[in-house]
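Biologist: Please take a close look at one part of this model, and describe its contacts and surroundings in a connected account.

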Amino acid sequence: MPVYVFSCHDCGPFELSRPMAETGKAAHCPACLREARRVFTPPGLTRLATPVRRALETEEASAHEPRVVTQKLGRPLPQRRSRKPP
Ligand SMILES: [Zn+2]
């Protein structure tokens, strides 16, 4: 769900996650419950904490382009001793 930025006249900006179908609906400030106006921001530039933003980007990317594993992770298996033929 996209995150939209709204601004309350008294309390300042806040973010709200809502379905795109409700984009045009009025939002209410979570602190004072007054109606807030939407602040238009370029996509991807909302003020999310960096770890949250990275997690969302990773989740979004893995939905349509899963990472390809090219290497086995972890330590290698111990070498098998070769049996000498009798
Ligand atoms: Zn407010």
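**The zinc site and the neighbouring loops**

Modeller: Arg34 counts as partly exposed because its relative accessibility is 40%; buried means under 20% relative accessible area, exposed over 50%, and partly exposed in between (1.4 Å probe, protein chains only). The model is predicted, so local features need pLDDT of at least 70 and side-chain atom pairs count only at pLDDT 80 or more, while totals for chains, interfaces and linings use all residues. Residues are numbered from 1 along each chain as its sequence is written, and side-chain values use heavy atoms, with hydrogens and water left out.

Arg34 forms a salt bridge with Asp10, with 2.4 Å between the closest N and O atoms. The term denotes a side-chain nitrogen of Lys or Arg within 4 Å of a carboxyl oxygen of Asp or Glu. This pair connects distant parts of the chain, 24 residues apart: Asp10 lies in the loop between E1 and E2, and Arg34 in the loop between E3 and E4. Strands (E) are DSSP runs of at least two residues, numbered from the N terminus. A search of the whole structure finds one salt bridge.

The zinc ion has as protein donors the SG atoms of Cys8, Cys11, Cys29 and Cys32, at 2.2 to 2.3 Å. Donors are N, O and S atoms within 2.8 Å of the metal (3.2 Å for Na, K and Ca); water is not among the atoms, so sites may look incomplete. The arrangement is tetrahedral because the four donor atoms subtend angles of 105 to 115 degrees around the zinc ion, the criterion for four donors being that all angles lie between 85 and 135 degrees. Along the chain, the donor spacing is C-x2-C-x17-C-x2-C. Cys11, in the loop between strand E1 (3-8) and strand E2 (12-17), and Cys29, in the loop between strand E3 (27-28) and strand E4 (35-39), are 18 residues apart and link distant parts of the chain. Cys11 is partly exposed at 44% relative accessibility, whereas Cys29 is buried at 2%.

Terms used. Tetrahedral: all angles 85-135°; square planar, octahedral: opposite > 155°, others 65-115°. Helix = DSSP H or I, 4+ residues; strand = E, 2+ residues; numbered from the N terminus.
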